[in-house]
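Biologist: I'm new to reading protein models. Could you walk me through this one, step by step?

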Amino acid sequence: MSSDLDRTRPVWRQVAAVVAERIGDGTYPAGSKVPSVVELSAEFSIAASTAQKVFAHLKAEGLIRTEVGLGSFVADQPPAEG
């Protein structure tokens, strides 16, 4: 997947879009755990700080929620697209 990233645009935005798409299409259903920072970093060949930026953005958008010590999960009712 990392080869699909356009290095001329902010990588964190592209990765956030992929994760948001996976949430939207049910790959990550409501309430399910999303990959960790380490897993996201490995999948997309990005720095951990970049993966953290992805999570901060998705949380701000209301797509995920974070539970300290447990991880990040898809919000029970992600906002409708559009």
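Biologist: Among contacts in the protein chain between residues at least 6 apart in sequence, what percentage join residues at least 24 apart?

Modeller: One thing before that: this is a predicted model. Now, the idea is to ask how far along the chain two touching residues sit from each other. Here, if you take contacts between residues at least 6 apart in sequence, 50% of them link residues at least 24 apart.

Biologist: And what pattern do the helices and strands follow along the sequence?

Modeller: Just list the elements in order. The protein chain has three helices and two strands, and reading along gives α-α-α-β-β.

Biologist: How many of the residues count as buried?

Modeller: Buried means under 20% relative accessible area. The protein chain has 82 residues, and 34% of them count as buried.

Biologist: On to helix pairs. At what angle do the axes of α1 and α3 cross?

Modeller: You look at the two axes, their approach and their angle. Helix α1 covers residues 11-24 and helix α3 covers residues 48-60; their axes come within 9 Å and cross at roughly 55°. Angles from 65 to 115 degrees would count as roughly perpendicular, and under 35 as roughly parallel. The pair α1 and α3 is therefore oblique. The crossing of these two helices is right-handed.

Biologist: Which residues make that contact?

Modeller: On the α1 side you'll find V11, W12, V15, A16, V19 and A20, and on the α3 side T50, K53, V54, H57 and L58. Sort the residues of this α1 and α3 contact by class and you get eight nonpolar, two polar and one charged.

Biologist: Let me try the other pair. How do α1 and α2 cross, left-handed or right-handed?

Modeller: Start with the angle: the axes of α1 and helix α2, residues 37-44, come within 12 Å and cross at roughly 110°. That makes α1 roughly perpendicular to α2. As for the hand, α1 passes α2 in a right-handed crossing. The meeting residues are V15, V18, V19 and R22 from α1 with L40, E43 and F44 from α2. In classes, the contact of α1 with α2 has five nonpolar residues, no polar ones and two charged.

Biologist: Can we zoom in on single residues? Is Q14 buried or exposed?

Modeller: For one residue, check where it sits, how much surface it shows and what it touches. Q14 is in helix α1. Its relative accessibility is 9%, so Q14 counts as buried. The side chain of Q14 reaches the backbone oxygen of D6 at 2.6 Å. Not counting residues up to four places away in sequence, Q14 touches D4, L5, D6 and R9.

Biologist: And what does S41 touch, leaving out residues up to four places away in sequence?

Modeller: S41 belongs to helix α2, and with a relative accessible area of 12% S41 is buried. Beyond those sequence neighbours, S41 touches I46, A47, A48 and A51.

Biologist: One from a strand, please. Where does T66 lie?

Modeller: T66 is in strand β1, residues 64-67. At 40% relative accessibility, T66 counts as partly exposed. Setting aside neighbours within four places in sequence, T66 is in contact with K59, G71 and S72.

Biologist: What joins the side chains of T66 and S72?

Modeller: A polar contact of 3.4 Å.

Key. Residues numbered from 1 in each chain as written. Predicted model: local features only at pLDDT ≥ 70, side-chain atom pairs only at ≥ 80, totals over all residues. Heavy atoms only, no water. Axes fitted to C-alpha atoms, helices over the stretch in contact; angles between N-to-C directions. Helix = DSSP H or I, 4+ residues; strand = E, 2+ residues; numbered from the N terminus. Parallel < 35°, antiparallel > 145°, perpendicular 65-115°, else oblique. Left-handed = near helix turned anticlockwise from the far one by under 90°. Contact = heavy atoms within 4.5 Å. Nonpolar A, V, L, I, M, F, W, Y, C, P; charged D, E, K, R; others polar. Buried < 20%, exposed > 50% of the residue type's maximum accessible area, 1.4 Å probe, protein only. Polar contact = N/O pair within 3.5 Å; in protein donor to acceptor, adjacent residues only side chain to side chain.
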